Amino acid sequence: MIKRILAAVMLTLLVASGAVAAGQAPQSRLNPAKAVEARKYPQIVLYSTSWCPHCRATKEYFAKNNIPYTNRDVEQDDQAMKLLTGKYKSKGIPVIVLGTGQNEIVMHGFTPESFQENLKKAQAKK
């Protein structure tokens, strides 16, 4: 059984490396329409935990509105916790960071109205 699994993994790797070696990029499973839609948004990073009801509401809002974001669980990710408490000077969650570098907009807490307001500001800076 293990030999069959290893053989299947090796075959998959060989096929994938053969396509790359032949100059063909592996096919993406991303929906092209969603990729175009995602470009409307700046980079969005959500600092959260799994148990936080406000974080859960934020994630649900993002999912419902097809807003692409990166979730950083501060209980699971030490670097995320350091950023949250150090760079963003927060001991509470959720914290949402829109944009990057000098164009960052940092939100402490979440309401749909404040998110939309800050999103417009971030898109104007883009």
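As a reminder, a disulfide is a covalent bond between the sulfur atoms of two cysteines.

A word on the ground rules before going further. This is a predicted model, in which local features need pLDDT of at least 70 and side-chain atom pairs count only at pLDDT 80 or more, while totals for chains, interfaces and linings use all residues. Residues are numbered from 1 along each chain as its sequence is written, and side-chain values use heavy atoms, with hydrogens and water left out.

## The sheet

Let us turn to the strands. Four strands form an open sheet in the order β2-β1-β3-β4, with mixed pairing. Strands (E, at least two residues) and helices (H or I, at least four) are DSSP runs, numbered from the N terminus, and two strands pair if DSSP finds at least two bridges between them. Strands of a sheet pair through backbone hydrogen bonds, either parallel or antiparallel. The edges belong to β2 (70-73) and β4, each with a single partner strand, so one side of each is left without a neighbour in the sheet. On average, neighbouring strands of this sheet are turned by 20° against each other, direction ignored; the axes behind such angles are lines fitted to C-alpha atoms, for helices over the stretch in contact, and angles run from 0 to 180 degrees between N-to-C directions.

Strand β3 pairs in the antiparallel sense with β4 over four bridges, and β1 and β3 also pair in the antiparallel sense over four bridges. Valine 97 is a handy landmark: its bridge partner in β4 is valine 106, and valine 45 stands opposite valine 97. Valine 95, in turn, has histidine 108 as its bridge partner in β4. Six residues lie between β3 and β4 in their hairpin, and glycine 99 in the turn has a positive phi of about 85°.

## Covering the faces

What covers β3? Both of its faces are covered, with Val95 and Val97 buried on one side and Ile96 and Leu98 buried on the other. In a regular strand the side chains alternate between the two faces of the sheet.

Helix α5 packs on the sheet and touches β1 (44-48), β3 and β4, its direction making about 170° with that of β4. Contact here means heavy atoms within 4.5 Å.

## Aromatic pairs

The structure holds eight aromatic pairs. Rings of Phe, Tyr and Trp (its six-membered ring) pair if their centres lie within 6.5 Å; planes under 30 degrees apart count as stacked, over 60 as edge-to-face and the rest as tilted. One of these pairs joins tyrosine 61 and phenylalanine 115, edge-to-face at 6.0 Å centre to centre with 75° between the planes. Tyrosine 61 lies in helix α3 (residues 53-64) and phenylalanine 115 in helix α5 (residues 112-125), so the pair ties together parts that are 54 residues apart in sequence.

Both tyrosine 61 and phenylalanine 115 are buried. Phenylalanine 115 also pairs with phenylalanine 110, this time tilted, at 6.3 Å centre to centre and 50° between the planes. Phenylalanine 110 is buried as well. Together with Phe62 and Tyr69, the residues Tyr61, Phe110 and Phe115 form one aromatic cluster.

## Salt bridges

Which charged side chains meet? The count comes to three salt bridges, a salt bridge being a side-chain nitrogen of Lys or Arg within 4 Å of a carboxyl oxygen of Asp or Glu. One links aspartate 77 to arginine 72 at 2.9 Å, N to O, and aspartate 77 is partly exposed, with a relative accessible area of 24%.

Glutamate 104 and lysine 87 form another, with the closest N and O atoms 3.5 Å apart. Glutamate 104 lies in the loop between β3 (95-98) and β4 (105-108) and lysine 87 in helix α4 (residues 78-87), so the pair ties together parts that are 17 residues apart in sequence. Glutamate 104 is partly exposed at 21%. Glutamate 117 meets lysine 121 at 3.7 Å, N to O; both lie in helix α5, four residues apart, about one turn of the helix. Glutamate 117 is partly exposed at 47% relative accessibility, and lysine 121 is partly exposed at 43%.

Definitions and conventions
Buried means under 20% relative accessible area, exposed over 50%, partly exposed in between (1.4 Å probe, protein chains only).
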